[in-house]
Each structure stands twice: as structure tokens, then as C-alpha cells.
Amino acid sequence: MWLSLRLHLIDESYIFNIKDFTNNSTQDNNMFSRESTLELSLLYQLSIKESGTYEIFGDWDYLSHQVIASPFKPIQWVDKMDIFGYRYVKGFYPTVSKYLVAELKREEAILEDIDQLLKYVDWINSEYSLGDYSMIKAYLVASEFSQEVIDYTRDVGKRFYTTILRDDRTSEIWDDITLVKYKYDTYKERTHFEVIK
């Protein structure tokens, strides 16, 4: 997997300890003070296949963070997906079966976060999955979700597309967005994820 958790120095005396970062970035309300800590925690827990995290997000062959998701432009205006990944079709490497995109917010989700996530979904559809939205799994992770955000996700979180199987055309609806609430458990020193929708 892409994520390496050990830094090799000349004397190999430094070992990366994620708990130093997560504990240092935790606020009294069990939220992180930095979004990058949430990224790091999610990637780490996926890389070690932590059971609660793994059950929600699944198994991925490749994971990365801050992946460019916009046409070429000056770096200060480039859009970046917080988490991007994919999995291969078993036994048919390097054929990709599914793409992952996750937008992470350290605070409560707002309506614009759904719009931002959908922009990344559309980018993956046009650049990677070649019009097949069914290959995309999208997540919005935040500390809290209002009913307004949940309803908005149901209302606008759909994409209509056509699949062509030989001579038949089939209209499909994509709505594969999962809303996930997070909090940092200071006792267990791990991030707890819970599916909201």
C-alpha cells in the first residue's frame, strides 16, 4: 500500500507514531484542530485495516491524499481531493473496479461540502471511470451533520448516466454518497467513524 508509516533515517532511530499527532491535535470536544490530522488518521486506520474503519470504507489497493482534481492551472487555484483511491478487479491487475473519493471536514458539514464532493465525483467520472458513475464510491466525513445537509445530499447527490451493453442502452442513477461522522476517542487513541447516511 502507498502509505508508509516508518521513516528511514541513516541511524533508523525515529519511528513514526500516529498517536503523537492525533493526541496533539485533539480538542476538548473530541474533534481535531487540523484537517490534515483527520486525513492522516483515516489513512492510517485504513492501512492497518482497523475493523471499524475498514467496515465503513472498505479495502483499497491504492490510497493517497491531496490529489489534483482540476484542469491544469496555477497551483494556488488547483482543486485537490482530500482522499483518493482505487481497487483492482481481483485477478485482473491493473484493471480498476472502483474509485474512492473522500472529502474531510474537521467541523460540522455544510451544504457547500456536498457540492465540493460532487465536483470531485464528476471529475473522477470524466477523467478515470469514463462515464460510469457506478465505479465511484464517495464519502463526506465531518464532526456533525445537520438534517439540512442530510436532506440536501438526498436531493442533489444523484447523477444520471447511460450504460451501453452491446446493443442495449440502460439509464442508471448514481447516489453512492456516504455521510460519516467522526470523533477522536482519547481513551482508545483512535478515530471512531460512524455512518450517518
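**View 1. Asn125 in helix H4 of the predicted model.** In this predicted model, Asn125 belongs to helix H4, which spans residues 111-127. With a relative accessibility of 9%, Asn125 counts as buried, because the cut-off for that class is under 20%. Its side chain forms a polar contact of 3.4 Å with the side chain of Tyr133. Leaving aside residues up to four places away in sequence, Asn125 touches Leu130, Gly131, Asp132, Tyr133 and Ile136.

**View 2. The open sheet of 6 strands.** The strands follow the order S1-S2-S3-S4-S7-S8, and their pairing is mixed. Strand S1 (62-68) and strand S8 (190-195) stand at the edges, where each has a single partner strand, so one side of each is left without a neighbour in the sheet. From one strand to the next, the twist averages 30 degrees.

**View 3. Strand S3 and its pairing with S2.** Strand S2 (residues 80-88) and strand S3 (residues 96-104) run antiparallel and are joined by 6 bridges. Gly85 has Leu100 of S3 as its bridge partner, while Arg87 stands opposite Lys98 in S3. Of the 9 residues of S3, 7 are buried, so this strand is largely enclosed by the rest of the structure.

View 4. S3 pairs with strand S4 (residues 136-142) in the parallel sense, over 6 bridges, and the bridge partner of Ala102 in S4 is Tyr139.

Technical notes: Residues numbered from 1 in each chain as written. Predicted model: local features only at pLDDT ≥ 70, side-chain atom pairs only at ≥ 80, totals over all residues. Heavy atoms only, no water. Helix = DSSP H or I, 4+ residues; strand = E, 2+ residues; numbered from the N terminus. Buried < 20%, exposed > 50% of the residue type's maximum accessible area, 1.4 Å probe, protein only. Polar contact = N/O pair within 3.5 Å; in protein donor to acceptor, adjacent residues only side chain to side chain. Contact = heavy atoms within 4.5 Å. Pairing = 2+ DSSP bridges. Axes fitted to C-alpha atoms, helices over the stretch in contact; angles between N-to-C directions.
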